[in-house]
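Have the model open as you read.

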Amino acid sequence: MKASYIENLDEWKKGFSFSVPVHVRFSETDMFGHVNNTVPITYFEFARIEYMKELGLMQHWLMGDNGCIPVVADIQVDYTQQVYFDELLDVHVKVDSVGRSSIDVHYWVTNEKGETCFTGRGAMVQISKETGKGHPWTEGEKELFARQHSLSAKN
């Protein structure tokens, strides 16, 4: 497996410190019995939201008086092996890099044996509700991402 956003797979894996479990539902499988190719994006979304809750950012965005919202600018999935109904997966999430108003979020999905099922990445942009343009991260938000990144780098 070689995705363009992964230079060294072992080093890349060490960067994750957050994950959530996902149980594959029957409705997520297709006529061939494996997870439909669109489903990993919903797993990424679920894990990304839980990660942002952990950081305290999701609650901030959901407040009615907050002037910013997060939007996904792009998303990529790289499939390594098939996944089937009733499997228990771990969806790992990390912020790989921080821009002025964007972050590059990486995903790593493993099965109960610890095998990689799929990986992914996507850009998320914080935009102003008023202008629809990118809104810069605060220093505090940048520190949250950096702190999470440095915690995972130590693991």
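Which residues does glutamate 28 touch, not counting those up to four places away in sequence? They are His23, His34, Val35, Asn36, Val39 and Tyr43, where contact means heavy atoms within 4.5 Å.

This is a predicted model, in which local features need pLDDT of at least 70, side-chain atom pairs count only at pLDDT 80 or more, and totals for chains, interfaces and linings use all residues. Residues are numbered from 1 along each chain as its sequence is written, and side-chain values use heavy atoms, leaving out hydrogens and water.

| Residue | Relative accessible area | Class |
|---|---|---|
| Glutamate 28 | 8% | buried |
| Aspartate 86 | 45% | partly exposed |

Glutamate 28 sits in the loop between strand 1 and helix 2; helices (H or I, at least four residues) and strands (E, at least two) are DSSP runs numbered from the N terminus. Its side chain makes a polar contact of 2.6 Å with that of tyrosine 43. Here a polar contact is a pair of N or O atoms within 3.5 Å; within protein, one must be able to donate a hydrogen and the other to accept it, and residues adjacent in sequence count only if both atoms are side-chain atoms.

Tyr43 also belongs to the largest nonpolar core, which has 32 residues; Tyr43, Met52 and Phe118 have the most contacts inside it. Such a core is a set of buried Ala, Val, Leu, Ile, Met, Phe, Trp, Tyr and Cys residues joined through side-chain atoms within 4.5 Å. Helix 2 gives the most to this core, with seven residues.

Notes. Buried < 20%, exposed > 50% of the residue type's maximum accessible area, 1.4 Å probe, protein only.
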